[in-house]
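Good morning, and thank you for coming. Please look at the sequence and the model on the screen while I describe them.

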Amino acid sequence: MSDAETVERTMPESDVPTTSDAIDSPLLEVDGLRKQFGGVTAVDGASFKVAKGSFTGLIGPNGAGKSTTFNCITGIHEPTAGTVTFDGHDVTGLAPYTLAKRGLVRTFQIARELSEMTVLENVMLAPPGQLGESALRSVVPGLRERVQRDETEVVEAAWETLEFFEIDHLAHENAGNLSGGQRKLLEMARVLMTEPEMVLLDEPLAGVNPTLEEKLLDRIDELRQDGLTFLLVEHDMDVIMNHCEHIIVMHQGQVLAEGDADTIQSDERVLEAYLGGDV
Amino acid sequence: MSGFEDVRDRLEALPDAALVVSFLVGIWLLLTLLAFAVGGAQSANLAAGFVGSVTVLVGAYAILTLALNLQWGYTGLFNIGIAGFMAVGAYTTAILTAPVDPGAGGVPGFGLPLLVGLLGGMVMAAIVGAIAALPALRLRADYLAIVTVALSEIIRLFVNWGGVAEVEVFGKRFGTGGATGISFKSPDEVVATLVNGPGQPLVAAAESVGISGPNVVNMAYGLSLLAIAAGSYWVLSRVSDSPFGRVLKAIREDETVTQSLGKDTRLFKIKAFMIGCALMGLAGALFRGGAGYISPAQFRPVITFYVFAALIIGGSGSNTGSILGAATFSALLFYLPARLGEYFPTFGRSAPGNVFEAIAALGSLDPTPLVAYTVGNISTLRFVLIGAVLVYIIQNQPDGLLGHRNEPAASVDLRRPRSADGGETDE
């Protein structure tokens, strides 16, 4: 790696403001987000911003509404109230595939591999705008040749991605046969094949051994250099404190505090929320 | 269990085309042997009749099973209204091709050529498929199942209704014929004209060895259906071995994930459903309407479950498996027992009136009443056989004959490209 690249890599960490109000051009902006399930209010007016190119952590005790917030942002749930703005456009309540096409994608808390498909198929599914996704083009002689040319490139990219995550030796294995950690890698590989701008990671490190965890975090760092933005839900405080330059703490469906690691660690309210004290 | 795996391992060693052809030839040989065992002087003609009929069945079920495999095996769309989509195809073809002036008692139609009628039938079945799928696509798979099975009954009862037996729209008279059915341009007759015209030397040759002309036509019709099945296989293989097929498989596995990866799954589901329904419509017209006549009774829901049985036996998710399953079901489980029943020796006894008498005789160590009873009721008892085979397969081999195969959906070679090899050894 050249010196110039090293400098670039450390740049964002010093650049990123400590409170999200100060973020001028956020890639993602959540404003007054509410989600009710019957009588339960899972998210209760959460507002925050995520800076472009940042590695932002979203933490909070169990039931704080992190996963529901993710689901509302990515179109799995429709929010009861509030808005989600991505890249300057209001994307509230849009379908997951529309968001994915715009570059906002997610992984799942419990890895959801397509188990009866091979690892390579899983990864090859993701690239956007594949010609062969038209049934007609896939069948008609003459048109299919173009589909095949297109696919040859997809195959190449898929192999490269699998090598990047070091699961290329499993390429022809059914995804259902993978270990828990390998599935997490596969999810990451798959989601990156969609050529995203921003990736929401829902506990990508849960159940992943420390060696693999380091690997994954290294990968994320590499990808950030390419300009990707990450929003991470994670329970491992060491990871959050050491890797995220901006941290959002949720509690009872609301944003309790935000800032860098030092700010969060010295925030009384955060400690109380985690230790279960009275607020 | 080992017996089944033995068969499976042997199937595995062959390339797909050889596999299907040897399977079919095996079935033909088996029926020919049966014919020569029981036929006496008429053996050749009997064999030709057996082989012709079984080929029609295998061809028709192959088309149906392939269509269902695209919907259920690939996409996970639980369509239990196959009979309904067959009826739409068959009735559309019938109405389009029925003669304009049918004479006394007949139902008038549009008098169009058969090819136009068949295309119309496919298009109509696809459209009805889309209409059935639209409201159900937002819901879970079980709801699609309920919608389709209900729709298939609605269609059958609708064409059965006297109110549409013959109607006049814009001065044009046509209809479904109601419960009495409708006669139209017979696909079988089109084939017969070809066979008796340009194929006359063939018929003469067959007649010289004692095979009757109608049996030659029947065989030719069966082979035409097989050719259409082969064409469907070609199309569906290309559909499934493509990025399109990959999305379908992904929908079957986990639709939420597929959506999260940027695929508008509703469009894919509708397309897959429509393609499958179009083929079902075609099979409905050619199989049920082969002789140029259809009636509502030919489209009872039971045929839907036959096709599911064929797909489960063959292996859901495999196109080649679908054809093998169709052949196994229609020839070995459906057709063969009926023929065996006709010719199996009953030791000169007539069958007892009920199963209790047949079993009671076992007490006096006389198995012949039970044998006679079984043979006499074989066309009913074969459903017990089909049920037993299904239970066995679902318990021991839920993947069927070929469903366990790893058939990645892609249009190109998936081995690691040389440029990306990175010095590692792949082989």
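I begin with the contact between the two chains, to which chain A gives 41 residues and chain B gives 33 residues. Two residues are in contact here if their C-beta atoms, placed from the backbone, lie within 7 Å. Please note that this is a predicted model, in which local features need pLDDT of at least 70, side-chain atom pairs count only at pLDDT 80 or more, and totals for chains, interfaces and linings use all residues. Residues are numbered from 1 along each chain as its sequence is written, while chains are lettered from A and ligands numbered from 1 in the order in which they are written.

The side of chain A that touches chain B divides into 18 nonpolar, 11 polar and 12 charged residues. Ala, Val, Leu, Ile, Met, Phe, Trp, Tyr, Cys and Pro count as nonpolar, Asp, Glu, Lys and Arg as charged, and the others, Gly among them, as polar.

I turn now to chain B, which has 17 helices and four strands. Its C-alpha trace spans about 75 × 65 × 50 Å along the principal axes.

Within chain B, consider helix 2 (residues 16-38) and helix 3 (residues 43-74), whose axes come within 8 Å and cross at roughly 145°. Axes are lines fitted to C-alpha atoms, for helices over the stretch in contact, and angles run from 0 to 180 degrees between N-to-C directions. Among the residues that meet are B:Leu24, B:Ile27 and B:Trp28 in helix 2 of chain B, and B:Phe50, B:Val51 and B:Val54 in helix 3 of chain B. The residues of this contact divide into 13 nonpolar, two polar and no charged.

A second pair in chain B is helix 7 (residues 187-196) and helix 9 (residues 213-240), with axes that come within 9 Å and cross at roughly 115°. Helix 7 of chain B is therefore roughly perpendicular to helix 9 of chain B, a term that covers angles of 65 to 115 degrees. Their contact includes B:Asp188 and B:Val191 of helix 7 of chain B, together with B:Ala220 and B:Tyr221 of helix 9 of chain B. Its residues divide into seven nonpolar, one polar and one charged.

Definitions and conventions
Helix = DSSP H or I, 4+ residues; strand = E, 2+ residues; numbered from the N terminus. Parallel < 35°, antiparallel > 145°, perpendicular 65-115°, else oblique.
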